[in-house]
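Morning, everyone. I have one structure to walk through today. Let me put it on the screen.

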Amino acid sequence: MNDMRKIERDAKMAETKITARNVNVFYGETHAIRDVNVDIADKTVTAFIGPSGCGKSTFLRCINRMNDTIDICRVTGDIQLDGTDIYATSVDPVQLRAQVGMVFQKPNPFPKSIYDNVAYGPRIHGLARTKSDMDEIVERALRRGAIWDEVKDRLDQPGTGLSGGQQQRLCIARAVATEPEVLLMDEPCSALDPIATAQVEELIDELRQDYSVVIVTHSMQQAARVSQKTAFFHLGHLVEFNDTDEIFTNPKDPRTESYITGRIG
Amino acid sequence: MNEKHIVSSFDRDLESIQATVMKMGGLVEQALVDAAKALKTRDIGLAEAVRKGDKIVDELDRSIKTDAARLLALRSPTAGDLRTVLSVMEIASHLERCGDYAKNLAKRTVAMAGSGEIAGTITALGRMSAFVEAMVRDSLDSYIQRDTKKALEIIERDLEADQIYNNLFRSLLTHMMEDHRNIAVGMHLHFIAKNIERVGDHATGIAEQTLYLVTGELPDDDRPKEDRTSVALQDSDD
């Protein structure tokens, strides 16, 4: 196959960033994730797909311990980031979330200026000593968020005044401001129009140069467009995990085939 | 995959495009049978009918390509659905070529009307065309039944078609070398033989699409070939 993207994909298949072994998640009595084992590569976009309630978002939220905030949620098994157990008692979840950034479905900028939206994380993590350090961090983050040119003249205006697509890119800039290693995205484009979606997808492809990106999406076409690896979840099981090309042209599990061809919801 | 799509019109589109390719296959099989019969019985009327009939085959090919493009654009098929659409397009191209060969056979039948014949070759050509026509029929059956075993058998059978062609080639060459008055009709008969042999290759191509549809992989292109006539003249010089 002469697909340049495929060649590019193969060349970039980097080492493992996140290792999950026998992960189970319970919400009270509900067994939401069942024995999931997966290796997520660095500098790669990994997509989680599956019908609603299959556990893909739940699993995503395990990776930066967002489920800790839910009282009835219990996580068992082992998740390692660069060989370190992220559920070890010595790990500070706040510190972890600076390493593993997250972008949500609905753009949720703070009701603050564009500048402060981005500066917030670096400030609480003490990443900048001087004002000019902070200016640099903010500019770099906004550039990585592919929104710098659109907002550089109005950094003092509220982030909530931007368009939906701009807000989402601001949130991505905010997430990368703390220099994370992993970026989790939970349906980052589902509230955006097609143009804004394309811009965010282009951005995701650029972010892959520096980060391990994990994206949950309901749009299978989006998973096909942006990811190099795809994981299909169904009823809490990780049914199939493979190269995105393989998943969409020749899936091995009949459940995967049924889902991606539109036979089961 | 027996499950139905949630969007039922998707199923109808996929079924319709496969039904059209099967219809096209039926017409091509009949054209091959008729063309061979016209050659054997020197039936000019039947030969003309075959020539005219190829227009319908060409139209079906175009209609399949248009439907396939629309299906790709509107439904974004994946996995088995994607392979169905891609394989149907390939098969339509193979069948369109087979239709052209049947038409060419009919044309040459008309051109040879009134000339003499070379003993035994018409009978041999009839056998050969029946052989490859069965290959086309079975390859389409293997496709619609998703039968990889049958598809592999057809790929094997192409060897035999190649061998029949080799023998015919030698025999025609001998006749033409013996008596140059045989050359005009000998050339026509040779092109007919070569075209029939090509139909066998297209049947093999269809069988390969069955394998692709079912397994997601095309077989390697190193299948054994028995058509050695491309080097036959060098051989005789040695």
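This is a predicted model: local features need pLDDT of at least 70, side-chain atom pairs count only at pLDDT 80 or more; totals for chains, interfaces and linings use all residues.

Chain B first. It has 7 helices and 0 strands. So what is the order of elements from the N terminus on? It reads α-α-α-α-α-α-α. Now the overall dimensions. Along the principal axes, the C-alpha atoms of chain B fill a box of roughly 70 × 40 × 25 Å. Next, contacts in chain B with a separation of 6 or more: 83% of them come from residues 24 or more positions apart.

Over to chain A, and a hairpin. Which residue of β2(A) is the bridge partner of A:V23? That is A:V36. Between the strands sit 2 residues, and in this hairpin A:G28 takes a positive phi near 60°.

Last stop, helix α4 of chain A, residues 114-124. Its buried residues are A:I114, A:N117, A:V118, A:A119, A:G121 and A:P122. What do they pack against? Four helices of chain A are the answer: α3 (93-99), α5 (131-144), α6 (148-151) and α7 (164-176). A general point on spacing: an α-helix has 3.6 residues a turn, so residues three or four places apart point the same way. Just after α4(A), A:G126 has a positive phi of about 60°.

That's my tour. Over to you.

How values were computed
Residues are numbered from 1 along each chain as its sequence is written. Chains are lettered from A and ligands numbered from 1 in the order in which they are written. A residue is buried if 20 or more other C-beta atoms lie within 10 Å of its own, exposed if 12 or fewer, and partly exposed in between; C-beta atoms are placed from the backbone. Two residues are in contact if their C-beta atoms, placed from the backbone, lie within 7 Å. Two strands pair if DSSP finds at least two bridges between them.
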